[in-house]
Amino acid sequence: MPPPGALAVVDTGPRGDRAAESPAYSRADLTAPGGSLVGPGPVGDGKWTASGSSLAAALTAGTAALVRSYHPDLSAAEVRERMLSGAYPGTVLPALDPYGAVSGVARPAAAAVPAGERPVALPKPSDTSGQRSTALLVVAVSVGVVVLVAFLAVVLPRGRARGWRPGRWETADRPGA
């Protein structure tokens with residue numbers, strides 16, 4: 001158990017869920033990004049990917065430092081409250097929002113859907129396979145026309161220069177002659 005007044009944070013991945021191998025938690029106040037984070041590394045191209053609750057804790061600590069740098073008169077409890085009130089409402093826990101913590105924008109808690117009302121349902125994406133086939137056909141025909149024009153741009157001037165007679169194959173040009 002964290003000490004009273006401490007902010008307990010769990011890590012989440014890019015989709016907002018926890019990794020299957022993440023350890024269980026008994027109490028948490030906030031979630032923060034901690035899965036598949038990209039940052040600077042000491043070798044190679046300098047980009048390293050890492051995961052873990054320590055990264056979530058580091059981002060949360062960085063956000064607290066950012067809040068304290070913008071509002072140096074706040075106490076630790078006020079910084080904690082600002083981080084919690086400025087967090088995105090989540091399904092289980094709120095998610096860390098550095099901008100909300102610094103600006104002091106409090107978000108309302110996620111409202112429950114009253115009984116008997118249905119939440120908004122987005123329409124299913126339309127099938128675009130017909131449009132894709134048409135686009136591929138247009139591209140194929142366009143490429144064919146470009147190749148045909150390039151071929152004719154080479155062949156027609158040569159035919160005109162010869163007076164439309166077939167070319168000759170000189171004996172000296174034949175292999176083995």
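**Figure 1. Serine 36 in a loop.**

**Figure 1. Serine 36, a loop residue with positive phi.** Buried means under 20% relative accessible area, exposed over 50%, and partly exposed in between (1.4 Å probe, protein chains only). The model is predicted: local features need pLDDT of at least 70, side-chain atom pairs count only at pLDDT 80 or more, and totals for chains, interfaces and linings use all residues. Residues are numbered from 1 along each chain as its sequence is written, and side-chain values use heavy atoms, leaving out hydrogens and water. Serine 36 sits in the loop between E2 and strand E3 (37-40). Helices (H or I, at least four residues) and strands (E, at least two) are DSSP runs, numbered from the N terminus. The phi of serine 36 is near 55°, a positive value in a residue other than glycine. Most residues other than glycine have a negative phi.

**Figure 2. Tryptophan 164 after helix H4.** Tryptophan 164 lies in the segment that follows helix H4 (129-161). Its phi is near 65°, positive although the residue is not glycine. Tryptophan 164 counts as exposed, at 56% relative accessibility.

**Figure 3. A nonpolar surface patch that includes tryptophan 164.** Leu148, Phe151, Leu152, Val154, Val155, Leu156 and Trp164 make a nonpolar surface patch of about 670 Å². Patches are made of residues with over 30% relative accessible area and no salt bridge; like charges are joined within 9 Å, and nonpolar side chains (Val, Leu, Ile, Met, Phe, Trp, Tyr) within 5 Å. Areas come from the Shrake-Rupley method with a 1.4 Å probe; for residues, only the protein chains shown count as cover. Phenylalanine 151 is found in helix H4.

**Figure 4. The salt-bridge network around aspartate 29.** Aspartate 29 pairs with arginine 27 in a salt bridge, with the closest N and O atoms 2.8 Å apart. A salt bridge is a side-chain nitrogen of Lys or Arg within 4 Å of a carboxyl oxygen of Asp or Glu. Aspartate 29 also forms a salt bridge with arginine 80, the closest N and O atoms being 3.0 Å apart. Aspartate 29 lies in the loop between strand E1 (9-12) and strand E2 (30-33), and arginine 80 in helix H2 (residues 76-85), so the pair ties together parts that are 51 residues apart in sequence. Shared partners join Arg27, Asp29 and Arg80 into one network of salt bridges. Aspartate 29 counts as buried, at 16% relative accessibility. Arginine 27 is partly exposed, at 29% relative accessible area. Arginine 80 is partly exposed too, at 22%.

**Figure 5. The salt bridge of arginine 18 and aspartate 11.** The structure holds three salt bridges. One of them links arginine 18 to aspartate 11, with the closest N and O atoms 3.0 Å apart. Arginine 18 is partly exposed, with a relative accessible area of 27%. Aspartate 11 counts as buried, at 8% relative accessibility.

**Figure 6. Threonine 12 and its contacts.** Threonine 12 is found in strand E1. At 11% relative accessibility, threonine 12 counts as buried. Leaving aside its neighbours within four places in sequence, threonine 12 is in contact (heavy atoms within 4.5 Å) with Asp17, Arg18, Thr31, Ala32, Pro33, Gly34 and Gly35.

**Figure 7. Helix H1 and its buried face.** Helix H1 (residues 53-70) has 18 residues. From its first C-alpha to its last, H1 reaches 26 Å, close to the 26 Å expected at 1.5 Å a residue. The expected span is 1.5 Å times one less than the number of residues. Ala56, Thr60, Thr63 and Val67 of H1 are buried. Seen down the axis of H1, its buried residues fall within an arc of 55°, so they line one face of the helix. The arc is that of the directions from the helix axis to the C-beta atoms. An α-helix has 3.6 residues a turn, so residues three or four places apart point the same way. The cover over the buried residues of H1 includes E1, E2, H2 and helix H3 (98-103). The face turned away from the buried side of H1 carries the exposed residues Ser54 and Ser69.
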